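Please look through the sequence and the model first, then read on.

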Amino acid sequence: MSLAVGVPAVRAQSSGPDFWSIQLSGGMFAPIEANGASPSAGVRYCKHYGGNLQVGMLSGWTVKSTRLAVPASGSQSLESQVELAQVNAHLVPVMGFMQVDFTDKLFVVPFVGIGAGYEWLVLVAKDHRTGLESKSNYANVAWETYAGVGLRLTSRVRLNSELFYNGGSLKRNILDPSGQTWIEVVHMNGVGARVGLDMIFE
Amino acid sequence: MFRFVRGSATPRHGVRYLLSLLSCFSIAGGVFAATRADAAPSDWLSVELLQVGTDSTGTVQVPRPATTLTPPAPTILAPPAPKPKANYLHLQGGLFVPIDVNAPSPTLGIRLGRRVTGHMRAGLLVDWTFERKNLEQPVNSLPGLQPFRVLARADGQLIPAMLFIEVNLTEKRFLVPFGGVAAGYEWLLLRANDYRTGEFAKATYANFAWQGWGGLGMRLDKGLRVDAELFYNGGSLERDVTDTLGQTWTEAVRVNGVGARVGVDISY
């Protein structure tokens with residue numbers, strides 16, 4: 001199969017100690033406690049230890065925009081709505097990760113990975129009914145795991161498609177009017193899918 | 001080529017048969033020496049037996065090696081077998097479900113081991129299982145990601161530290177079935193906060209405990225294996241408490257349960 005697609009060297013040139021790679025990916029992420037999926041983009045930068053093990057850092061950016069709207073009164077069109085509130089969420093993880101490729105010889109490369117680190121969430125809410133606008137920052141330790149399949153396009157470029165799970169309960173401390181401190185949390189557990197280009201360089 | 005010294009008398013049939021047999025052995029010995037790395041050096045076959053001759057009376061003689069007749073075959077030494085790496089680091093993560101608690105909890109662990117025999121390794125394992133329960137209420141009614149206010153929180157951390165023995169059923173195949181047992185001590189740290197009343201409680205339970213596991217590993221490289229395993233943790237962790245009357249009681253938390261975890265096994 002590798003000959004058919006013209007892969008010059010099927011075995012990845014990643015068995016040496018000085019190979020690094022970067023993956024640029026895009027996909028969707030769907031938190032369990034929020035309806036709908038959101039677009040996300042990510043990057044993984046890592047060093048190769050042997051032909052099967054990679055260790056590095058990952059980051060990403062997920063944007064979720066949600067509106068509360070009602071149909072406009074007197075309108076005959078379903079598309080005409082009045083927006084009552086809007087919430088925009090930005091999720092940014094920064095984690096260390098470890099990935100295992102199950103083969104470094106074949107054209108199709110199954111792989112799994114796990115990451116752990118910190119995650120930040122920025123919630124920007126506008127309630128047009130009350131005129132209130134708020135911006136809240138949540139952060140906490142979080143983790144991620146993923147599994148997928150890569151197609152080795154050349155000896156240095158791979159196309160990866162993967163499913164991933166993000167787990168985290170991001171928090172912030174708030175003071176109520178009586179001076180008591182409370183913890184607010186936003187659960188960011190959810191699943192997603194993404195496709196990325198993995199490029200090896202020395 | 002092979003050359004026999006012929007005496008004045010023709011050898012008898014049995015002697016000729018014996019010579020042929022020895023020649024076959026010598027050729028076979030040379031072939032095996034070249035193809036089997038673990039075979040013993042066959043110099044004695046290739047040199048001495050090829051110079052077997054007969055004297056005038058027809059008796060078989062095995063003279064000393066005569067370098068003038070047949071040069072000694074080059075000695076083919078088997079390359080030294082690579083010394084197996086003796087130490088192992090196993091990093092793992094998964095889920096653990098105590099039987100008395102209906103919720104899976106994430107678990108992380110490490111096993112540091114050393115090869116004892118060909119298939120057996122022994123060492124120390126440490127795990128960390130974390131479970132958190134919140135009592136929450138929604139903050140607002142806005143759509144999308146919903147913040148929750150935490151009214152009360154309970155955290156449990158289970159930490160075993162054990163000695164283990166693990167057996168790999170093969171050291172050569174790509175798939176490596178394995179199993180292990182461990183015994184040692186286990187701690188359970190419980191913390192509870194009620195933010196509404198400001199109450200805080202903390203308790204530590206400990207006792208002897210054990211673990212057993214079995215799984216399948218995929219050998220990706222000489223020093224790298226990916227393992228998937230099921231495990232059982234058994235233990236009844238205790239603490240002593242004194243009631244208001246001064247009587248001492250024993251409180252126990254059973255942490256028997258099953259779990260699944262995947263890990264990376266690195267030898268060094």
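What share of the contacts in chain B with a separation of 6 or more comes from residues 24 or more positions apart? The answer is given under the heading on chain B.

## Model and confidence

The structure is a predicted model. Chain A has an average pLDDT of 86, and 89% of the residues in chain A score at least 70. Confidence in chain A is highest in strand 1 (residues 20-31), at a mean of 95. It is lowest in strand 3 of chain A (residues 53-71), where the mean is 90.

Residues 1-15 of chain A keep a pLDDT under 50. For this stretch of chain A the model has 34 contacts beyond four places in sequence. Where pLDDT is low, the predicted coordinates should not be read in detail.

## Chain B

Residues 24 or more positions apart account for 54% of the contacts in chain B with a separation of 6 or more. Chain B contains two helices and 11 strands. Read from the N terminus, the order of elements in chain B is α-α-β-β-β-β-β-β-β-β-β-β-β. Of the 268 residues in chain B, 23% are buried.

## A hairpin in chain A

Strand 7 (residues 157-175) and strand 8 (residues 181-187) of chain A are antiparallel and pair over seven bridges. One pair of bridge partners is A:R172 and A:E184, the latter in strand 8 of chain A.

Five residues lie between the two strands of this hairpin in chain A. Within the hairpin, A:G179 has a positive phi near 90°.

## Where the chains meet

Strand 8 of chain A also runs antiparallel to strand 6 of chain B (residues 148-168), and three bridges join these strands. A:E184, the bridge partner of A:R172, stands opposite B:R149 in strand 6 of chain B. In that strand of chain B, B:F148 is the bridge partner of A:V185.

The contact takes 27 residues from chain A and 19 residues from chain B. On the side of chain B that touches chain A, the elements giving two or more residues are strand 6, strand 8 (199-221) and strand 9 (224-242) of chain B. By class, this side of chain B has 13 nonpolar residues, four polar residues and two charged residues.

Key:
Residues are numbered from 1 along each chain as its sequence is written. Chains are lettered from A and ligands numbered from 1 in the order in which they are written. This is a predicted model: local features need pLDDT of at least 70, side-chain atom pairs count only at pLDDT 80 or more; totals for chains, interfaces and linings use all residues. Two strands pair if DSSP finds at least two bridges between them. Helices (H or I, at least four residues) and strands (E, at least two) are DSSP runs, numbered from the N terminus. Two residues are in contact if their C-beta atoms, placed from the backbone, lie within 7 Å. Ala, Val, Leu, Ile, Met, Phe, Trp, Tyr, Cys and Pro count as nonpolar, Asp, Glu, Lys and Arg as charged, and the others, Gly among them, as polar. A residue is buried if 20 or more other C-beta atoms lie within 10 Å of its own, exposed if 12 or fewer, and partly exposed in between; C-beta atoms are placed from the backbone. pLDDT is the predictor's confidence in each residue, from 0 to 100.
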